[in-house]
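Please read this briefing alongside the sequence and the model.

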Amino acid sequence: MPSRGSGDGMADESEEAKRQKRRRSWAIALGLVGLALLFYVLTIVKLGGNVFNRPM
Amino acid sequence: MSEVGAQLVPPAAAASGLAGIGDYVALLKPRVMALVVFTALTGMAAAPGTIHPVLAFVALLAIAVGAGASGALNMWYDADIDARMQRTAARPIPRGKIPADEALAFGIFLSLFSVMTLGLAVGWVAASLLALTIGFYLFIYTMWLKRRTPQNIVIGGAAGAFPPMIGWACVTGGVSIDSCLLFLIIFMWTPPHFWALALYRCRDYERAGVPMLPVVAGAAETRRQILIYSLILVPLALAPVATGLGGIAYGAIASVLGARFLWLAFDVWRQADADGSDCRAKRLFLFSILYLFLIFAGLLAEHAVARLW
């Protein structure tokens, strides 16, 4: 069986880095979805009753 | 002293690229953010007029993010100082968790985002005040005053005093004597608060080369200044009763807490060289946080009850 050298340590580190990157990507994705929702609600609130004011 | 701090971080502390979400949250100084949101909320509640709850929520979110952004920009610039101080050495940049450039980009993005959001949600007076707060904290306090003068936290304290004015402007769209009064209370509270901290962290500031008052003028002068500012602060905190902004409950809270504040400041001043003087300064520092929180909570509660009644 090959001995465990520093190469494995580097692999572990890159696994950890990958995990952190994945978490960050999820946080950014959730942040963007949250922002889209926030601006949607903000627009509805700012427009108020005018949302339905669409004369044919 | 004029180098940009972030450039002085030793290569050994180069960012590992393993920053977690918690490190980015730490970059925003969450405890400062909480106090900023709380004082802004009080400004909002105390202001005459109404605001839609969703708009109020968005405004508070933008103010919180703006405060966090200025915290990130401060940590970017002061990374060298932070690395030398025990209190701040574990921050994400000196620890090598987040690269300085990334903190700068993060801070700039959040600053622009928060100001734009506040402007679109509630108005451009509030947004301008938020932009002024971020700019003041970064350019006037962090870059200009902090490393040059013992008056750094006196003038720089204005940055921390703006949030209730921003909250007020979110509702009224302007500035008034009452909102300036809320600004002045925090402005006068900042020196005794920070100098009490600096008294028992003096060596830390000395090592970092930050000219805080105890480092430059000595502990005795700092104690004298703490007492002087406390003597101005306590009556000033009662002024809202005179203008009608605060009622009887607020007046009672501000009087009792003000008396305690004055006593602690007096205690720090009179027992300058006695054993445990650090302990007295620490007690004043901790009480000053409670003091500001409770007088603003009193004002907030009074206005919340009045609105619900």
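Two residues are in contact if their C-beta atoms, placed from the backbone, lie within 7 Å. By that rule, 10 residues of chain B are in contact with 10 residues of chain A. The model is predicted, so local features need pLDDT of at least 70 and side-chain atom pairs count only at pLDDT 80 or more, while totals for chains, interfaces and linings use all residues. Residues are numbered from 1 along each chain as its sequence is written, and chains are lettered from A and ligands numbered from 1 in the order in which they are written.

**Chain A and the interface**
- On the side of chain B that touches chain A, the largest share, three residues, comes from helix α3 (residues 53-77) of chain B; helices (H or I, at least four residues) and strands (E, at least two) are DSSP runs, numbered from the N terminus.
- That side of chain B has seven nonpolar residues, three polar and no charged. Here Ala, Val, Leu, Ile, Met, Phe, Trp, Tyr, Cys and Pro count as nonpolar, Asp, Glu, Lys and Arg as charged, and the others, Gly among them, as polar.
- Chain A contains one helix and zero strands.
- Of the 56 residues in chain A, 0% are buried; buried means 20 or more other C-beta atoms within 10 Å of a residue's own, exposed 12 or fewer, and partly exposed in between, with C-beta atoms placed from the backbone.

**Nonpolar core**
- A nonpolar core is a set of buried Ala, Val, Leu, Ile, Met, Phe, Trp, Tyr and Cys residues joined through C-beta atoms within 7 Å.
- The largest one has 100 residues, and those that touch the most other members are Ala59(B), Ile63(B), Ala72(B), Leu118(B), Ala126(B) and Ile166(B).
- Beyond four places in sequence, Ala59(B) contacts Leu118(B), Ala121(B), Val122(B), Ala126(B) and Cys170(B).

**Helix α12 of chain B**
- Buried residues in α12(B) include Ala219(B), Ile226(B), Leu233(B) and Ala237(B).
- α12(B) bends by about 25 degrees at Ala237(B), and Pro240(B) follows within four residues; the bend is the angle between axes fitted to the seven residues ending at a residue and the seven starting there.
- Gly244(B), which follows α12(B), has a positive phi near 90 degrees.

**Two single residues**
- Thr190(B) is found in helix α9 (residues 177-200) of chain B, and is buried because 23 other C-beta atoms lie within 10 Å.
- Not counting residues up to four places away in sequence, Thr190(B) touches Ile153(B), Gly157(B) and Gly160(B).
- Lys29(B) lies in the loop between α1 (21-27) and α2 (30-46) of chain B, and its phi is positive, near 50 degrees.
- With 19 other C-beta atoms within 10 Å, Lys29(B) is partly exposed.
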